[in-house]
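Open the model in your viewer and keep the selection panel at hand. The stops below say what to pick next and what is there.

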Amino acid sequence: MSASTTIALAGNPNSGKTTLFNALTGARQHVGNYPGVTVERKEGSYVLNGQSLKLIDLPGMYSLTAYSLEELVARDFLVQEKPAAIVNIVDAANLERNLYLTVQFMELGVPVCIALNMVDAAKKRGIEINGQILSELMGVPVVPTVARSGQGKAELMQATVQMIGGQSKADPLILSYGEDIDQALSEMEEEISATTPNASYPARWLALKFLENDEQILDFCRKESADLFARLATRRERVARHIATTLATCPEAVIADHRYGYIKAIIKQGVIIHHLDQDRLFISDRIDQVVTNRFAGPLIMIAVIMALYQFTFSYSELPVAWLEGLFGWLSGIVEATLADGLLKSLIISGIIDGVGGVLGFAPIIMFMFFGIAILEDSGYLARVAFMLDRVFRSFGLHGASVMPFIVSGGIAGGCAVPGVMATRTLKSPKERLATLLTAPFMNCGAKLPVFALLVGAFFAEHEARVMLLITFIAWGGALLAAKLLRSTVIKGESTPFVMELPPYRLPTFQGLLIHTWERTWQYVKKAGTVILAISILLWALMTFPGLPETRQQAFEEQREAVTAAAPQDLEAQLGAIDALEAETALRHSAAGRIGIAMESVTRLAGFDWRTNIALVGGFAAKEVVVSTLGTAYSLGEVDTEETGSLGATLAKDPGWNPVVAFSLIVFTIFYAPCFVTVVCIAREAGSWKWGAFSILFNTTLAFGLAVLVYQIGSKLGSSWFFGG
Amino acid sequence: MLKLSMRQMKENQRGVIAAVRAGGELGKRIRDMGLVPGTEIRIQGRAPLYDPVAIRIMGFTLTLRNNEADYIDVTVEEGQ
C-alpha cells in the first residue's frame, strides 16, 4: 500500500457523513472546489499505525445517476481518481434506503466498507442491526459507528485498510435485473468490451447505465464510436419496447425495482430486529406535529427567521465595529504621516477602504453561516422549505429560497453578500440560480441611508408608510423578477421537490465551527482579492483624470486670497473652497464624465449628472450614493448617518421633487448589486457570465421602472400615491 | 382493495405503492428514495397550504409536491 492511499467517504445526505469526516480528520482538512463546478471538495487525512491515509468527503447523494451535480462529481471522482476504497456511511435507522447507494457502488466495482452509523439513535428507536449477517450477505465489512462521539472510527479505518490489503480490486456486484434486462446487458457488455476494451468504466456498468438512459454515459458511448452507440441504442430500444408491452414500465424502473428487491431480500434474513412498534411516534415526530402544524407552524417559523436575522446582524455588530475602528485607525495613521496626494488617496480610499470593505463583511458572513448551519444540521431548514414551497414554487423558486431573501434584506437591513452565499443550502440548480440573482433586490443595510436621505427630505410626513412601501416593492419585484427569469433565461421544469425530512438532531459544535470557519475563510481568500482589485479600480475611476494644474492652481490662489484677507469665518470659507474643488474634480474624473454623458438618457428617469455619478459610486457600496451626492453638491464629506444638510439641499434644489426622489428610490432598490455581491454571485453561480448578467439585467430593470415612475408621476403630480 | 393516486389519500391513510408512472429525472428521484412498487407508505401530513405532502416510508419521512404525487398509484384497503 502506498503512502498516498485515497479513501472516499460517501453516503446519503443526513447519514452523519460530514460528522464522521470531522471526527476522523479533525482540523486536518482542506476545502476546495471540483474543477469548474461549485460543489465543495473536502480533503483530509487520517493516521493509522503511523501511516497517513488521504480521505475525500464526497458530496451527499442518494444515487449514482447523472441528474444532479453532486452525483456527477462523485461518480467522476470514483471512476477517474479510482480511490482504493469507499467508506460508505449508512444510517442504521434507515438501512433499506441507504443500501440503495451501497448497491450502486458495488455495481461499479469499487471496494466498499460499510460504516453502520448512528447505531445509538437507531437503538433508541428500537432498531437493532445485526452487522455480522449484513456483512456476510453483502460480502463487505460492516463496522458499527457513532460519528458524533467518534465511537468505532478506529475500527472502521482498520477494517478498511485490511480490506484494501486483502484485495486489489473488488469484482463488480452482478445483480439480476430480470430475464429481459439481463440478456440485453450481457449482449451489450460484449459489444462494449469488443469495441472499447480499455474504457475507464467497467463494460457491464456502462451497459447498465446505457439502459438507465444516463445522459453522460450516452455521450461517452457516442464519442467512443458512433457505430457502437447505434447498436447499443437499438438493443436498448428493443428491450424497452418489450418491457413497455409486458410490464407497462421502463428499463430504469425495472432496474431500480430489482436493486430494492435485492436489498429487501437481504434485510429479511434477520438483519434488522425491531424491538418497538414501527409506527410509534418518536420525539422527532411529536416535534413535527407542532412545528409543521397548520397554525403553529408558520408562527414558529416567523419567530425562528426573526431570531436568525437578529443573530446575524445584531451579534456581528460588535466585531464589525472593531474592524471599522481598526481600519479607521489605520487611515488616521496614513492621514497623519503621508503628504496629501495621489499615494495617500490610493492607500486610504483604494486599499484600506477596500480591505476594510472585504473584512467588514466577514463577521456578518460568519454569524450567518453559523446560524444557518444550526438550522440546517438540526433539520429545521428542511421543514421551512416544506412549509413555504407552495408559495415560492409559484414564482419558480424553492421553499428554501426564503433564507437567502431574508438575509439579503427581506427584513430591511440585511446584506446581499451573505444572502447570496446562503443559497448554498439550495440543492435545485435552476431555483438556486434564480434565487441568487433576485436576492440582491432586497433592501440591504447599505441602501437604507439612501432611503433615509430621500424619505427624510421629501416624504417626512409619511415616513413609516413609504418605508413599508419600499419593502413591499422589493419583495414583489424580487418574486416577479424570479418568475420572469424562470420563464426566460433559466427556463425549465422545476426540479423535483422529493426531499427527506430528517429527524431532528442536535448539531455538533465541532461541525458548526468547521463549517462556519471554512466558508468565511473561503470568502476572504477567494472573493477578497477580486474585491480589493475592483475597489482600487473604482477609486481610479473617481480620481482620474485629475484636475489640470492650472485649475488646481486657481483653487490654490483662492485659498491664499481668503487666508490673506483673514476674515472671521476663515475655516468655513476654506471649507467651501475645498468642497467646490472636490466637486470640480469629481466632475472632471472618468466617473464624472460617464455621469455627464449619461445625462441625456437618465433624464427620462429624472436623474441629472450628479445623481448619475452617485449611482456609479454606489457600485462600490450602496451607501456611497449618499456621500458622493454630498461631494457632487459641494457639501464636502457627508456622514451617512447625518444627512440633514444634504437632505435640505436636495429639498431646495429645483431639479428635485418627490417624483424624482421616488424614482431614485426605485432605481436604488433594483439596480446593479454592489460589486462585492457581483463577485459573490459569479462565484456561487460558477461563472462570470452570471455576474455580468446581474449588472446588466438589474440596471436595465431598474431604469425601466424608474422611468415608469418618473414619467407617470410627473404627469399625475406627486400627490397621487400619498393622498396629498 | 382500491387503487388511487397518492394525492387523493387522506392523512394517516396507509397503502402500498402499485406503480410509479413518472419517467426521467422525477421518476429517477422518486425511485431513488425507495418509492418502488410493493413498498408500504402512510400519509404523515401536509404543509400548511396543503402542498407538499409528507409521507412515512421505510422508517423515514419524505416530502413531495402534490403534482409529483399524481404519478404514484397506491393500493389501499377499502373503507379505510
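Select chain B and look at its contacts with a separation of 6 or more: 55% of them join residues 24 or more positions apart. Two residues are in contact here if their C-beta atoms, placed from the backbone, lie within 7 Å. This is a predicted model, in which local features need pLDDT of at least 70 and side-chain atom pairs count only at pLDDT 80 or more, while totals for chains, interfaces and linings use all residues. Residues are numbered from 1 along each chain as its sequence is written, with chains lettered from A and ligands numbered from 1 in the order in which they are written.

**Stop 1: chain B as a whole**

Stay on chain B and colour it by secondary structure. It has two helices and six strands. Helices (H or I, at least four residues) and strands (E, at least two) are DSSP runs, numbered from the N terminus. Read from the N terminus, the order is β-β-α-β-β-β-α-β. The radius of gyration of chain B is 11 Å, close to the 12 Å from the globule rule for 80 residues, so chain B is as compact as a globular protein of that length. That radius is taken over C-alpha atoms, and the globule rule is 2.2 Å times the number of residues to the power 0.38. Along the principal axes, the C-alpha atoms of chain B fill a box of roughly 35 × 30 × 25 Å.

How much of chain B is buried? Buried residues are 48% of its 80 residues. A residue is buried if 20 or more other C-beta atoms lie within 10 Å of its own, exposed if 12 or fewer, and partly exposed in between, with C-beta atoms placed from the backbone.

**Stop 2: where chain B meets chain A**

Now show both chains. The contact takes 30 residues from chain B and 30 residues from chain A. On the chain B side, α1 (24–32) and β5 (60–64) are the elements that give two or more residues. The largest share comes from α1(B), with eight residues. By class, the chain B side has 15 nonpolar, seven polar and eight charged residues. Ala, Val, Leu, Ile, Met, Phe, Trp, Tyr, Cys and Pro count as nonpolar, Asp, Glu, Lys and Arg as charged, and the others, Gly among them, as polar.

**Stop 3**

Select β10(A) and the strands of chain B. Seven strands form an open sheet in the order β10(A)-β5(B)-β4(B)-β3(B)-β2(B)-β6(B)-β1(B), with antiparallel pairing. Two strands pair if DSSP finds at least two bridges between them. At the edges stand β10 of chain A and β1 (2–5) of chain B, each with a single partner strand, so one side of each is left without a neighbour in the sheet. The twist averages 40 degrees from one strand to the next.

Zoom in on the join between the chains. Three bridges link β10 (residues 499–501) of chain A to β5(B), and the two run antiparallel. A:L501 has B:T61 as its bridge partner. A:M499 has B:T63. Axes are lines fitted to C-alpha atoms, for helices over the stretch in contact, and angles run from 0 to 180 degrees between N-to-C directions.

**Stop 4: the domains of chain A**

Chain A is divided into domain 1 (6–166), domain 2 (179–259) and domain 3 (441–474 + 525–545 + 589–717), with bounds from an automatic or database domain assignment. The C-alpha centres of domain 1 and domain 2 of chain A lie 28 Å apart. Where they touch, 10 residues of domain 1 contact nine residues of domain 2. On the domain 1 side, α2 (69–81) and α3 (95–108) of chain A each supply at least two residues. Helix α3(A) gives the most, with four residues.

**Stop 5: a second sheet**

Select the strands β2-β3-β4-β1-β5-β6-β8 of chain A. In that order, these seven strands form an open sheet with mixed pairing. Five bridges join β2(A) to β3 (residues 40–48) of chain A, and these strands run antiparallel. One bridge pairs A:V31 with A:K42 in β3(A).

**Last stop: a loop**

Finish at A:P654, in the loop between α28 (644–652) and α29 (658–670) of chain A. Is A:P654 buried or exposed? It counts as exposed, with 5 C-beta neighbours inside 10 Å.
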